[in-house]
Amino acid sequence: MQMNDSQRIPASREKVWAALNDPEVLKQCIPGCQSLESSGPNEMTATVVFKVGPVKATFGGKVTLSDLDPPNSYRISGEGSGGVAGFAKGGASVRLESQSPDVTVLHYDVQAQIGGKLAQLGARLIDSTARKLAGEFFESFATVVGGPAEPAEQVSGGGKSWLKRLTGAT
Amino acid sequence: MNDMTPTRDQRAAALEGMGCKRKRVEDIRFTQGKGNYVDDVKLPGMLHGDFVRSPHPHARVKKIDDSEALKVPGVLAVITAETLKTVNLAWMPTLAGDVQMVLADGKVLFQNQEVAFVVATDRYAADDGINKVVVEYEPLPPLVDPFKSMDPDAPVLREDLAGKTAGAHGPRKHHNHIFEWTVGDRELTDAAFKKADVTIKEMISYHRTHPSPLETCQCVCSFDKIKGELTIWGTFQAPHVIRTVVSLIAKLPEQKIHVIAPDIGGGFGNKVGAYPGYICAAVASIVTGKPVKWVEDRIENLTATSFARDYHMTTEIAATRDGKVTGLRVHVLADHGAFDACADPSKWPAGFFNIVTGSYDFPTAHLAVDGVYTNKAPGGVAYRCSFRVTEAAYCIERAMDILAQKLGMDPAELRLKNFIKPEQFPYHSALGWEYDSGDYHTAMRKMMETTNYAALRKEQAEKRAAFKRGETREIMGLGVSFFTEIVGAGPSKNCDILGIAMFDSCEIRLHPTGTGIARMGTKSQGQGHETTWAQIIATEIGIPADNIQVEEGNTDTAPYGLGTYGSRSTPVAGAAIAMAARKIKAKAQMIAAYKLEVHEDDLEWDIDGFRVKGLPERFLSMKDICWAAYNSVPPGMEPGLEAVSYYDPPNMTYPFGAYLCVMDIDVDTGVYKVRRFYALDDCGTRINPMIIEGQVHGGLTEAFAIAMGQEIRYDEAGNVVTGSFMDFFMPTAVETPHWETDFTVTPSPHHPIGAKGVGESPNVGGVPAFSNAVNDAFSFLGSTHIQMPHDYWRNWKAAKELGAVA
């Protein structure tokens with residue numbers, strides 16, 4: 001599964017960069033995140049409740065930051081196991097582009113792979129779920145970092161559930 | 001005689017014997033929810049077991065930690081391979097001569113493989129326990145594509161086979177190779193291809209699918225420590241084989257094992273094999289001293305117990321310019337998954353795939369099959385077909401259409417030109433079978449006349465012209481299929497399972513009041529045996545079918561039999577019934593002669609009793625003979641009226657049929673409509689036409705499912721992505737087309753009642769009919785072969801690739 005998109009955040013690039021490296025901010029923004037703690041330089045352990053279609057599971061795993069180029073870009077990758085529900089691994093390359101002193105555009109390029117029951121039952125829902133989760137993350141991130149002033153500009157798939165998107169209901 | 005005396009016709013009708021559309025007696029309980037299935041078995045103190053399964057298709061198992069699981073209220077035990085090693089049961093033999101892990105031993109080789117068995121006081125606690133078992137895996141690269149399995153750098157799947165260059169069926173060429181099986185004359189066939197005017201070559205895939213019975217696989221095991229006896233209730237298509245297998249691998253004396261197969265909610269081949277669930281439930285019962293139940297859920301059934309097909313058949317036909325076939329060459333790459341657990345007779349690693357010459361008179365043929373391991377579930381069962389026969393029928397029927405297209409001939413005409421002729425039977429095929437009987441031309445012509453085939457072709461030509469003019473976006477396909485099956489495994493000379501000859505059996509006991517019970521080595525999973533078996537007896541010995549109780553599935557009371565699969569029940573057990581009945585009839589004749597005070601030779605059989613030749617009023621009914629058998633037998637004769645027959649068939653039977661599917665496909669959406677489906681079956685003597693019709697409806701519906709969408713699909717990472725009915729196509733009444741059925745009757749010359757078997761024919765003949773219809777629809781746009789399954793999306797994709805959709 002791959003996706004790329006970008007998000008406009010009403011804050012300076014330095015502020016966005018600092019937030020991207022702050023476990024507290026990440027914890028607040030990752031959908032379903034129950035804990036996120038620093039476990040070493042550029043390494044965190046996380047517990048996330050993840051739900052795809054009929055499968056819901058608590059994932060425990062490791063989050064690593066690499067290829068750091070402050071305040072321009074890094075790569076965030078993670079690997080987690082949800083026990084009988086399966087496993088997930090993936091990463092995102094994140095690049096910050098300063099549009100003005102108070103506005104930063106965050107570009108992201110995500111690759112993810114899932115396995116186990118999640119993949120069996122949720123295969124057809126993975127794309128839409130991943131887009132929805134990414135949307136939720138960056139929406140919260142923009143709010144936490146830049147305040148609730150502006151609505152998200154580009155959140156593909158966000159807002160509507162997969163069912164509503166399939167049926168076209170609003 | 002007065003007016004109330006029934007006529008001969010009335011007497012015959014009262015028996016409800018062969019040929020009668022007798023209503024299914026078992027349906028009284030099935031339609032009222034009164035069936036008794038394995039999950040209805042509830043014993044005092046019964047425990048429940050369920051599996052921890054691997055999320056990975058290929059990984060090393062580093063550690064299994066059950067400490068938290070054992071703290072879950074209700075969880076009593078967690079069984080792992082280490083536990084099973086103490087009783088030497090971590091691995092079990094497969095029917096195909098391989099071995100299979102019962103629980104992951106160091107490695108997992110397919111997604112959802114059984115890793116640990118959690119035993120608890122109820123199913124909920126077992127599930128909670130499963131969530132608390134922590135398994136540490138080290139993922140290994142998965143091997144998903146069978147075509148890459150024998151690459152030099154392909155991952156080693158079966159470390160247990162390291163260094164073993166000989167498999168159960170000859171040498172192994174590679175660490176992921178299982179067997180190579182060849183039949184036919186290679187030189188003669190190569191020569192035929194060199195001389196041929198026309199040849200075709202196509203890789204025809206028959207995708208992996210699953211029998212998916214509505215009732216999943218399940219069992220209850222109860223070990224009595226005092227008596228040392230193990231009782232197993234299970235969804236078994238072959239209860240006696242299970243008893244013998246359990247005895248051999250668990251080292252329990254066979255007389256101390258009681259196997260009971262109660263009502264079964266569909267099998268279709270899925271319930272032939274022995275699964276880890278059975279072994280684990282038995283071990284858990286022995287360990288805990290309590291009965292243990294194991295019931296698969298839907299995902300487990302689809303992803304872990306036996307799949308079907310997964311044959312990739314590179315097929316070549318040589319022919320003359322005017323359309324006479326001169327040679328057939330087939331190479332099959334067979335994906336067997338992680339363990340070779342195919343349920344075939346022992347000597348047949350690719351089943352009876354050498355029926356691939358089909359209904360045609362091929363002077364020469366050569367076949368090679370390579371079986372390979374991949375990181376997929378084991379299996380390879382005959383899903384509503386005899387062993388690999390539906391793969392063979394699909395292969396040849398698709399290839400004949402491809403040849404017709406290349407020659408510019410009508411596919412029906414090409415078939416008529418190459419059929420084995422009636423006078424050639426018994427016919428020896430180039431790949432070694434002796435076809436018992438057939439009249440293919442008559443069946444084909446009847447199909448063509450009834451459906452007005454010529455008019456349909458004309459309509460198709462007009463529609464194609466209209467399509468090209470841009471007047472319609474719909475294309476029309478005619479799917480012709482003419483199949484020959486090989487069923488009724490089988491003669492002891494070439495068929496056995498674990499060394500046991502594939503006979504079958506029947507024991508009939510008649511009671512003093514003119515009723516009786518028949519016990520069988522077969523086991524119905526919905527086929528209607530309780531109805532049809534009684535009909536054979538009714539006709540053979542003149543006792544009304546309603547007065548015959550049929551009992552199957554209890555190994556303590558039933559005579560040993562090899563079970564029900566591969567359309568073998570009627571060809572083998574049906575014959576055993578007739579032979580047992582004839583033994584009874586012979587004794588009855590002696591009793592009648594004694595009672596009527598004549599010589600046996602002076603008696604003649606008359607529907608429901610014996611009559612003195614020339615003296616019609618001197619008659620003794622079977623009912624009266626039954627009473628006499630317990631009351632006044634001739635001096636020196638033992639009382640009673642019972643017989644048992646173990647029937648070893650002299651040959652297989654060869655049912656055949658002519659099918660036509662008329663389909664319309666909208667190229668812009670890929671949506672297809674089955675406008676008409678006509679199925680003519682020749683299964684020899686017809687025992688119950690209504691049951692035959694029902695079997696044909698069911699088999700066609702499964703064929704429709706398989707051809708048009710049903711698939712077990714793996715993604716590149718080895719995940720099963722069709723593991724539930726959300727993604728695995730299971731047609732309901734909404735999707736299922738209307739079926740037209742028809743028949744001809746060409747009895748089997750070697751079967752006591754001439755019957756051949758029918759339950760699987762519609763699946764064997766149906767799949768090529770659907771696929772040929774789709775392929776025929778697209779052929780005028782330039783395609784030669786489109787792989788199954790033909791769901792809407794793939795149809796649309798085909799249209800797009802052929803340039804019919806912008």
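Mentor: Domain bounds, as used here, come from an automatic or database domain assignment. For chain B that assignment gives domain 1 (8–36 + 504–647), domain 2 (38–140 + 217–264 + 271–296) and domain 3 (307–489 + 652–801). The part to look at is domain 1 of chain B. The model is predicted; chain B has a mean pLDDT of 96, and 100% of its residues reach 70 or more. For the complex, the predictor reports a pTM of 0.93 and an ipTM of 0.76.

Start with the sheet. Four strands of chain B form an open sheet in the order β28-β27-β26-β32, and the pairing is mixed. Its edges are β28 (548–552) and β32 (642–647) of chain B, each of which pairs on one side only. Ignoring direction, neighbouring strands in this sheet are turned against each other by 15° on average. In general, strands of a sheet pair through backbone hydrogen bonds, either parallel or antiparallel. The antiparallel sense applies to strand β26 (residues 504–510) of chain B and β32(B), which share six bridges. Within that pair, C506(B) is placed opposite S645(B) of β32(B). A helix also packs on the sheet: α13(B) touches β26, β27 (516–520) and β28 of chain B, and its direction makes about 130° with that of β28(B).

Next, the helix pair. In general, two packed helices are described by the angle between their axes and the distance between the axes. For helix α14 (residues 569–596) of chain B and helix α15 (residues 622–629) of chain B, the axes come within 10 Å and cross at roughly 85°. Angles of 65 to 115 degrees count as roughly perpendicular, and α14(B) and α15(B) are therefore roughly perpendicular to each other. On the α14(B) side the contact is made by A588(B), I591(B), A592(B) and K595(B); on the α15(B) side, by M622(B), I625(B), A628(B) and A629(B). By class, the residues of this contact are seven nonpolar, one charged and no polar.

Then the boundary with domain 3. Taken over C-alpha atoms, the centres of domain 1 of chain B and domain 3 of chain B are 37 Å apart. The contact between them involves 23 residues of domain 1 of chain B and 22 residues of domain 3 of chain B. On the domain 1 side, α13 (529–541) and α14 of chain B each supply at least two residues. The largest share of that side, seven residues, comes from α14(B). The side of domain 1 of chain B that touches domain 3 of chain B has nine nonpolar, ten polar and four charged residues.

The contact between the chains takes 15 residues from chain B and 13 residues from chain A. On the chain B side, the elements that give two or more residues are α4 (123–132) and α8 (298–304) of chain B. That side has seven nonpolar, six polar and two charged residues.

Terms used:
Residues numbered from 1 in each chain as written. Chains lettered and ligands numbered in written order. Predicted model: local features only at pLDDT ≥ 70, side-chain atom pairs only at ≥ 80, totals over all residues. Axes fitted to C-alpha atoms, helices over the stretch in contact; angles between N-to-C directions. Parallel < 35°, antiparallel > 145°, perpendicular 65-115°, else oblique. Contact = placed C-beta atoms within 7 Å. Nonpolar A, V, L, I, M, F, W, Y, C, P; charged D, E, K, R; others polar. Pairing = 2+ DSSP bridges. pLDDT = per-residue confidence, 0-100.
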